[in-house]
Amino acid sequence: MTGHIHPDDLRRIEQETDLAAVIAEHTPLAAGPNEQLRGQCPFHDDQAANLAVRARIGRWHCFGCGEGGDVITFVMRAEGTSFAASAERLAEAADIRLRYVD
Ligand SMILES: [Zn+2]
């Protein structure tokens, strides 16, 4: 496959993927303040629940190591996969057929 994934398809991935469920595959999450879910960050040796997940807006952030981003960023970091491979993995799980643009 060549080119870039169509931006509309990337938006669909974000909209149709349950960010909290993806993150919970790597670290347990519990309800925290301000409608956040909190958990221990899988990207540094976390002794507290520094990982904040804002499922409503599809963003996560770690107050310990400063990592953060969207669901694709999380999969890239957690699974060590490229942007495209991470997006494809999520698209397949959400039954989204990706289109590629040059
Ligand atoms: Zn961290």
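Aspartate 9 counts as buried because its relative accessibility is 1%, where buried means under 20% relative accessible area, exposed over 50% and partly exposed in between (1.4 Å probe, protein chains only). You can find aspartate 9 in helix H1, which covers residues 7-16. Helices (H or I, at least four residues) and strands (E, at least two) are DSSP runs, numbered from the N terminus. Leaving aside residues up to four places away in sequence, aspartate 9 touches Arg97, Leu98 and Arg99; a contact here means heavy atoms within 4.5 Å.

Before going on, a word about what you are looking at. This is a predicted model, in which local features need pLDDT of at least 70 and side-chain atom pairs count only at pLDDT 80 or more, while totals for chains, interfaces and linings use all residues. Residues are numbered from 1 along each chain as its sequence is written, and side-chain values use heavy atoms, with hydrogens and water left out.

Now let us turn to the metal. Which protein donors hold the zinc ion? They are Cys41 (SG), His44 (ND1), Cys62 (SG) and Cys65 (SG), lying 2.1 to 2.3 Å from the zinc ion. Donors are N, O and S atoms within 2.8 Å of the metal (3.2 Å for Na, K and Ca), and water is not among the atoms, so sites may look incomplete. Along the sequence, the donor residues follow the spacing C-x2-H-x17-C-x2-C.

Why is the arrangement tetrahedral? The four donor atoms subtend angles of 104 to 120° around the zinc ion, and four donors count as tetrahedral if all angles lie between 85 and 135 degrees. For comparison, the ideal angle for four tetrahedral donors is 109.5 degrees.

Cysteine 62 is buried, with a relative accessible area of 1%, whereas cysteine 65 is partly exposed at 34%. The model has zero disulfides, a disulfide being a pair of cysteine sulfur atoms within 2.5 Å.

Finally, visit two loops. Most residues other than glycine have a negative phi. Glutamate 35, however, has a positive phi near 60°. Glutamate 35 sits in the loop between strand S2 (29-31) and strand S3 (37-39), and is exposed, with a relative accessible area of 65%. Aspartate 95 also has a positive phi, about 60°. Its loop runs between helix H4 (83-93) and strand S7 (100-101), and aspartate 95 is exposed at 71%.

Definitions and conventions. Tetrahedral: all angles 85-135°; square planar, octahedral: opposite > 155°, others 65-115°.
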